[in-house]
Amino acid sequence: FLDEIGDMPLSSQAKVLRILEDREVLRVGGEKPVPVDIRIVTATHKDLKEEVDQERFREDLYFRVKVVQLHIPPLRERPDDIPLLLKSFLEIVTIRMGRSPMELSPEALEILVRYPWPGNVRELENEVERVVALASNPVIRPEDLSWEMRYGEAGRQAPGGHLPENLREAEECIIRKVLSDSGNNKTEAARRLGISREGLRKKLKKQAISPTAITPGASSKE
């Protein structure tokens, strides 16, 4: 299995092509070729035809590996797969790290299903490894998830499009974003933030945020 074959240097492409054509390899330090009977499976995130047109990928190797093609949509386009992948990775990672079985709370699962996963399955697996290593309870809660999972772009950018300069600004940005997404429903916003409704009320007062000044996706609710 050759992962990300589209990133392979042209010099290495020539070697792979020779193996496919001659069905033999010469080991490092060896004197005689060794016959091989192999099938190669490749993967790439690039358009190999375009790479061929740009002369970054050998055309002869392209036709060699383009026998059967499978297009796998990005994870954000198949959210139904996310719970299954999470369950599988949790089982694998907890065993590998010597931890007791762990499970996701419904709230944490909802956050992970909603996340767009720009890094696809690798990013999901990395998040599971981080959570298993750091979570103190067998039930994974929203606050156990990484900053990016919980707040996405809202956790990295303030309303004006610049990076938050301090924790107060970042917190205000996140609260405003979650309130807007919740239609100014404080109970729902508090649930998404992983705090109590009273805790949210105190933060709104501390940050001098007026929910009525936030343009929500739905009507303002208590």
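Residues are numbered from 1 along each chain as its sequence is written. Because the model is predicted, local features need pLDDT of at least 70 and side-chain atom pairs count only at pLDDT 80 or more, while totals for chains, interfaces and linings use all residues; side-chain values use heavy atoms, with hydrogens and water left out.

Start with Glu51 and Arg56. They form a salt bridge (a side-chain nitrogen of Lys or Arg within 4 Å of a carboxyl oxygen of Asp or Glu), and their closest N and O atoms are 3.0 Å apart. Glu51 is buried at 7% relative accessibility, whereas Arg56 is partly exposed at 42%. Here buried means under 20% relative accessible area, exposed over 50%, and partly exposed in between (1.4 Å probe, protein chains only).

Next, select Arg191 and Glu110. Their salt bridge has its closest N and O atoms 3.3 Å apart. Arg191 sits in helix α9 (residues 186-193) and Glu110 in helix α5 (residues 106-114), so the pair links parts of the chain 81 residues apart; helices are DSSP runs (H or I, at least four residues), numbered from the N terminus.

Finally, select Val67, Val68 and Leu70, a nonpolar surface patch with about 380 Å² of accessible area together. Patch residues have over 30% relative accessible area and no salt bridge, with like charges joined within 9 Å and nonpolar side chains (Val, Leu, Ile, Met, Phe, Trp, Tyr) within 5 Å. Areas come from the Shrake-Rupley method with a 1.4 Å probe; for residues, only the protein chains shown count as cover. Val67 is exposed at 68%.

Conventions
Helix = DSSP H or I, 4+ residues; strand = E, 2+ residues; numbered from the N terminus.
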